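Biologist: Please walk me through this model, starting from the metal and moving on to the core and the rings.

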Amino acid sequence: MEDKYTGFLKGRRELYANRDKFPMDGDIPVLQFINTIHRSDTDGRRDYLETYDDFLDWAYDAKVVEEAEYNNLCFESYCYFPEAEKVFEKVIDARNCINDLVVSLSEGVAPYPGTITNFNTHFEEVKKRIVLNMNGYGMLEVWVGTKDQLAFPLWRLIKSAQNFLMTMDGQFIKKCKCGNLFIDRSKNGKRRWCNPATCGSAYWSKEYYRRRKKCVV
Ligand SMILES: [Zn+2]
């Protein structure tokens, strides 16, 4: 007979399989995370993260969590729903905060002091879960006490955001016409689209009709 956990996972997996897929534009998880809120001037605003479970599904798609961690956290969020809701509030706050910091970096201006103070508050949580270890190849940062922690995917993202903001050259961060941020690593630095297959082709098909209309006498 199927146990409770296996039965739960089966149902949860069905929900995951039938949901709208997340657009994963932005090249790296930190930007893909920011881009889960779509801020287009032309197509309007859409937030792909409305619940903790949305965040978890997204984190799984972005490979921020592995399958075993994902399964475990799905069950944890089901069992500890109020805690999951509290973590979700932090997810949304961290997403706004990281967005503001990344935009500051791309524009070459310092962020508001309150934004960096807020990032530090999130980062405090991360610091409590990282210890230094060392092997024959050198020193490593290692996560500790993260098992069953609903905020673990968020902590990983905050750590990635810190690395990104410390090492990334802001001139490579660009904004697509759809509002998404992406990294332009093209040789000539003229990449225009977060995703050439969607935003790029939508633009070029509009442009094609516009030019064709002009040609009709
Ligand atoms: Zn785009």
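The questions and answers below concern a predicted model.

Biologist: Which geometry does the site of the zinc ion have?
Modeller: The zinc ion is coordinated by the SG atoms of C176, C178, C194 and C199, at 2.3 to 2.4 Å. To count as tetrahedral, four donors need all angles between 85 and 135 degrees. The angles among the four donor atoms here run from 102 to 116°, and the site is tetrahedral.

Biologist: What spacing do the donors of the zinc ion follow along the chain?
Modeller: The donors are C176, C178, C194 and C199. Written along the chain, their spacing is C-x1-C-x15-C-x4-C.

Biologist: Is C199 buried or exposed?
Modeller: Buried means under 20% relative accessible area. C199 has a relative accessible area of 17%, so C199 is buried.

Biologist: Which element gives the most to the largest nonpolar core?
Modeller: The largest nonpolar core has 48 residues, and F33, Y52, F55 and W58 touch the most other members. Several elements each supply at least two residues of this core, among them α1 (4-18), α4 (67-79), α7 (152-167) and β6 (181-183). With nine residues, the element that gives the most is α5.

Biologist: How many residues are in the second, separate core?
Modeller: This second core includes F182 and W193. C178 and C199 also belong to it, and both coordinate the zinc ion. The separate core has six residues.

Biologist: Are the rings of F33 and F55 stacked or tilted?
Modeller: By the pairing rule there are 13 aromatic pairs. For F33 and F55 the ring centres lie 6.0 Å apart. Planes under 30 degrees apart count as stacked and over 60 as edge-to-face. The planes of F33 and F55 are at 55°, so the pair is tilted.

Biologist: Which helices hold F33 and F55?
Modeller: F33 and F55 are both buried. They are 22 residues apart, and their pair links distant parts of the chain. F33 is in helix α2 (residues 29-34), and F55 is in helix α3 (residues 52-61).

Biologist: What kind of pair do the rings of F119 and F123 form?
Modeller: F119 and F123 are four residues apart in helix α6 (residues 113-127), so about one helical turn separates them. Both are buried. Their ring centres are 6.2 Å apart and their planes are at 10°, so the pair is stacked.

Biologist: At what distance from the ring centre of Y16 does K21 lie?
Modeller: R13 lies over the face of Y16, at 5.9 Å from the ring centre. K21 also lies over the face of Y16, and its distance from the ring centre is 3.9 Å.

Technical notes. Residues are numbered from 1 along each chain as its sequence is written. This is a predicted model: local features need pLDDT of at least 70, side-chain atom pairs count only at pLDDT 80 or more; totals for chains, interfaces and linings use all residues. Side-chain values use heavy atoms; hydrogens and water are left out. Rings of Phe, Tyr and Trp (its six-membered ring) pair if their centres lie within 6.5 Å; planes under 30 degrees apart count as stacked, over 60 as edge-to-face and the rest as tilted. Buried means under 20% relative accessible area, exposed over 50%, partly exposed in between (1.4 Å probe, protein chains only). A charge sits over a ring if NZ of Lys or CZ of Arg is within 6 Å of the ring centre and within 35 degrees of the ring normal. Donors are N, O and S atoms within 2.8 Å of the metal (3.2 Å for Na, K and Ca); water is not among the atoms, so sites may look incomplete. Four donors count as tetrahedral if all angles lie between 85 and 135 degrees; four count as square planar and six as octahedral if opposite donors are over 155 degrees apart and all others between 65 and 115; anything else is irregular. A nonpolar core is a set of buried Ala, Val, Leu, Ile, Met, Phe, Trp, Tyr and Cys residues joined through side-chain atoms within 4.5 Å.
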